[in-house]
Amino acid sequence: MEAKFEQHFQAAGFAALTAIQSGVMAPLSAGDSVLGIAPTGSGKTLAFTWPLLPRVTPNAGLQLLVLEPSQELAMQTTKVMREWAQLLGLKVQSLTGGANLKRQVERYKKTKPEVVVGTPGRILHLLDERNLNMSTVKMLVVDEADDLLADDTQAVVEDIERTTPLDTQLAFFSATKGKVFDQLSDMFGRHIETIDVRAQDHSQGEVKHGLVVARTMSQKAAMLERLSKTKNFRALVFFTSIKTLHYTASRLKHAGVSSATLGGKQRQTEREAVMRGFRKHQIKLLLTTDVAARGLDIPKLPAVVNFELPTTANLYIHRVGRTGRQG
């Protein structure tokens, strides 16, 4: 680990590297392209932050680009990376959808960050408008890769990757193994080493799974209201249908339950305010979808409620992985 990081690592109270952090440290430091697979909450952001930041040169243009599936996750990653980047005199900026485009561009041109954390749609738009120059990029990280390499987003990620130099180092991270990972080397035209530590990682705390039978939407909403009155109860509540989410939010508001929604069409300032309120225990129930809450790190979150069951086992893993993190 970089010498300046060692001191901060100890001061921050870290005892040892997690399995994924140990596994990818050497190959990422050596410039190899990797796919890292590890459980939710196992420290994947720091797993790429520590080996990649020391390879960035201050004041030499954009060199490290990190792609995230949501505004919240991009902001979360920016905050983590900025803490360590400052030790090396590096600047980190987030470029996400939902934020004011003009202000983002002005700030980018003024700040000239060496590291950018962004959402694929906004990054591709900035490239199309010639507001981003990828000629100096040396490293591209695709976080939550099983999500970003699915459906229409895969094409966007591939379009972004094609604008980077041919020798750009690639890093993909995920908590679950998607079928698309079998074609990664062919898709991106280079060898990508897989480092899967799910069997060795023991960083997770105990998570108890339970089932409450409620047959109608009305019964489910009533049960959620009852749960909210339990002492110290807070939960991230997942929906697959936006319509059901809004119906439930209306029911809870009418009942006077402390709740809020986190959705893809909200302005970034609204989303940040909601997340801040939830993290500060001012909001008991945060109603959301898989897209909006992907990868969020909410310290000591007591519960996750699947108001509507997810469509796949992988989605279930990502949802419940918001609790029981890091012991």
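Contact here means heavy atoms within 4.5 Å. All views show a predicted model.

**View 1. Helix α6 and the elements that cover its buried residues.** The buried residues of α6 (120-128) are Pro 120, Arg 122, Ile 123, Leu 124, Leu 126 and Leu 127. Their cover includes the strands β2, β3 and β4, together with the helices α5, α7 (145-148) and α8 (151-162). Arg 130, which follows α6, has a positive phi near 60°.

**View 2. The buried and exposed faces of helix α5.** Helix α5 spans residues 101-111, and Gln 104, Val 105 and Tyr 108 are buried in this helix. These three residues lie on the same side of α5 because they cover an arc of only 95° around the axis. In an α-helix, residues three or four places apart point the same way, as there are 3.6 residues a turn. The packing partners of the buried residues of α5 are β3 (92-95), β4 (115-118) and α6 (120-128). On the face turned away from the buried side, α5 carries the exposed residues Lys 102, Arg 103 and Lys 110.

**View 3. The two ends of helix α5.** At the start of α5, Asn 100 places a side-chain oxygen within 3.2 Å of the backbone nitrogen of Lys 102. Just after the helix, Lys 112 adopts a positive phi of about 55°.

**View 4. The crossing of helices α3 and α4.** Two packed helices are described by the angle between their axes and the distance between the axes. For α3 (residues 44-52) and α4 (residues 71-85), the axes come within 10 Å and cross at roughly 35°. The crossing in which α3 passes α4 is right-handed. On the α3 side, the contact is made by Thr 45, Leu 46, Phe 48, Thr 49 and Trp 50; α4 contributes Thr 77, Val 80, Met 81 and Trp 84. Classed by residue type, this contact comprises six nonpolar and three polar residues, with no charged residues.

View 5. The side chain of Gln 63 reaches the backbone oxygen of Thr 57 at 2.7 Å. When neighbours within four places in sequence are left aside, the residues in contact with Gln 63 are Arg 55, Val 56, Thr 57, Glu 114, Thr 136, Val 137, Lys 138 and Met 139.

Note on methods: Residues are numbered from 1 along each chain as its sequence is written. This is a predicted model: local features need pLDDT of at least 70, side-chain atom pairs count only at pLDDT 80 or more; totals for chains, interfaces and linings use all residues. Side-chain values use heavy atoms; hydrogens and water are left out. Buried means under 20% relative accessible area, exposed over 50%, partly exposed in between (1.4 Å probe, protein chains only). Helices (H or I, at least four residues) and strands (E, at least two) are DSSP runs, numbered from the N terminus. The arc is that of the directions from the helix axis to the C-beta atoms. A polar contact is a pair of N or O atoms within 3.5 Å; within protein, one must be able to donate a hydrogen and the other to accept it, and residues adjacent in sequence count only if both atoms are side-chain atoms. Axes are lines fitted to C-alpha atoms, for helices over the stretch in contact, and angles run from 0 to 180 degrees between N-to-C directions. A crossing is left-handed if the near helix is turned anticlockwise from the far one by less than a right angle, and right-handed if clockwise. Ala, Val, Leu, Ile, Met, Phe, Trp, Tyr, Cys and Pro count as nonpolar, Asp, Glu, Lys and Arg as charged, and the others, Gly among them, as polar.
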